Amino acid sequence: MTLSVVITVMNEEDNIEPLIRQLSQALQGMDYEIIFVDDGSTDGTVERIKACIDEHIRLIVLKRNYGQTIAMEAGIQQASGEYIVTMDGDLQNDPADIPLLLQIARQEGWEVVAGRRANRQDDWLLRKLPSRMANWLIRRMTGVRLHDYGCTLKLFTREIAKNLGLYGEMHRFIPVLAAMQGARMTEVAVRHHPRIHGRSKYGLGRTFKVVSDLLLVVFFQKYFRSPMHFFGPIGLLVFLAGLIINLYLFILKIGGQKIGERPLLILGVILLLSGLLIVLFGFLMEIMMRIYYGSHPERKFQVREIISGSDSGKQH
C-alpha cells in the first residue's frame, strides 16, 4: 500500500462526512487507506464514521480520551502504507494538499514533509500569537529549523513514523523527534481553512504544557542516551562551589575565627550535599536508560474496537 492517512478525531461528528468526501476526491486513483482514531468522543462521531466505512476506511475506537498524541500513535502503529500522513479531522487541513506532499517526498527523497499553514485561518490573539512564540522558542532551543511545528498535516516514511515513540503531548514536537532519528526533512506551504463545525480543543491554557514538554524534548534530544552528561557537570560544579566555600571557612577556622554562626557555612554544606545528590541522580538515570533500552515498551493505550470495510468489528 502506498499511503496511510491517520486522522485523530474527538467530537467532530459534523465534519466526518465532508472530510471523507474530500479525501476520496483528493486520493482518487491512489492505493490508500484512511485510519480514523476516535479519542473518546461523546457525540455521534463514531456512528458517523461507521456509516461511511468502505474498503479504504478503518476506525480505531479508544476506550477513553488519551489526548491527540496517543491517538496519533495508535493510528500510526496500525498504518500499513509506505508513506503515512497525519492530519486533523476538523476540515482545517485540506486533503487536496496530500498528493503534493507525497510527490515532493518521492521526487526529492525527503523522509518527512511538514506542512506550513501559509494563510492560517485562526484567531490572532488566542491562536496565532502563542503559536508563533512557541515556534520561535522551539527553533531556538532544538535547532530544528521549521516555521510551523503545530501544523498536523505532515507526511512521513513508514520507518520514521513507526519509530517516533509518541506519548504525553508530544505531537507538536514530532519534527524534533524525527530529527533525532536523522530524518531528511523539508517544509511545504499548505492551505488552511477556518473551522466551520465544532469547537477547537486548543487555547492559551496549553502554553505552559508546551513549554514543559519543550524542556523535556530538549533534554531527550541532547542527553537522553547519556543523562550523566547533563547531571554530572552540574553536580560537580555545585559540589566544587561547596568545597571552595568550606575550604575558605576551614582556613578561617585555623586562623582562630569563629565560623559556627556564619550563614556561609550552611550554604557550603548544602552545596556539597546537593552536588553529591545531583551526581547520584545522574547515575540512577543512567541505570534507568540501560533498563529502558533492554526492555519492551509498555502499552500506552487500550483499544475498544477496530472496524474496517472487510470486518464487522474486532474486540480488544
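## Overview

A residue counts as buried here when its relative accessible area is under 20%. That cut-off matters for much of what follows. The model is predicted.

The protein chain has 316 residues, and 48% of them are buried. It contains ten helices and nine strands. Take the contacts in the chain with a separation of 6 or more: 77% of them join residues 24 or more positions apart.

## Helix H3

Helix H3 spans residues 68-78. Nine of its eleven residues are buried, so the helix is largely enclosed by the rest of the structure. The buried residues are Gln68, Thr69, Ile70, Ala71, Met72, Glu73, Ala74, Gly75 and Ile76.

What covers these buried residues of H3? Strands are part of the cover: E1 (3-9), E2 (32-38), E3 (57-62) and E4 (83-88) are included. Helices H6 (158-162) and H7 (174-180) are included too.

E1 is mostly covered, with seven of its seven residues buried. In a regular strand, side chains alternate between the two faces of the sheet. In E1, Leu3, Val5, Ile7 and Val9 point one way. Ser4, Val6 and Thr8 point the other way.

E1 pairs with E2 in the parallel sense, over seven bridges. In this pairing, Val6 stands opposite Ile35 of E2. Between the two strands, the chain passes through helix H1 (residues 13-26), and this β-α-β crossover is right-handed.

E1 also pairs with E4, again in the parallel sense. Here there are six bridges. Ser4 stands opposite Ile84 in E4, and Thr8 stands opposite Asp88 in E4.

Leaving out residues up to four places away in sequence, Thr8 touches Val37, Gln68, Ala71, Met72, Met87 and Gly89. Gln68, Ala71 and Met72 are among the buried residues of H3. Met87 is one of the residues of E4.

## Strand E4

E4 is mostly covered as well: six of its six residues are buried. Tyr83, Val85 and Met87 point one way from the strand, while Ile84, Thr86 and Asp88 point the other way.

Besides its parallel pairing with E1, E4 pairs with strand E6 (residues 154-157) in the antiparallel sense. Four bridges join E4 and E6. In this pairing, Thr86 stands opposite Lys154.

## The cavity

Empty space inside a structure can be found by rolling a probe the size of a water molecule over the atoms. How many cavities of 30 Å³ or more are counted? The count is one. The largest cavity has a volume of about 50 Å³.

Its lining draws on several parts of the chain already met. Gln68 and Met72 line the largest cavity, and both are buried residues of H3. Thr86 is in the lining and belongs to E4. Lys154 is in the lining too, and in the strand pairing it is the E6 residue opposite Thr86.

Glu111 sits in the loop between helix H4 (98-108) and strand E5 (112-117). Its relative accessible area is 17%, so Glu111 counts as buried. Setting aside neighbours within four places in sequence, Glu111 is in contact with Leu155, Phe156, Thr157, Ile160, Gly182, Ala183 and Arg184.

Pro99 lies in helix H4. Its relative accessibility is 27%, so Pro99 counts as partly exposed. The C-alpha atoms of Pro99 and Met30 are separated by 9.3 Å, and these two residues are 69 residues apart along the chain.

Key
Residues numbered from 1 in each chain as written. Predicted model: local features only at pLDDT ≥ 70, side-chain atom pairs only at ≥ 80, totals over all residues. Heavy atoms only, no water. 1 Å grid on protein atoms, 1.4 Å probe; cavity = no way out; pocket = protein on both sides within 12 Å on 5 of 7 lines; lining within 4 Å. Points joined across faces, edges and corners; volume = space filled by probe spheres on them. Buried < 20%, exposed > 50% of the residue type's maximum accessible area, 1.4 Å probe, protein only. Contact = heavy atoms within 4.5 Å. Pairing = 2+ DSSP bridges. Right-handed = clockwise from strand over helix to strand, strands pointing away.
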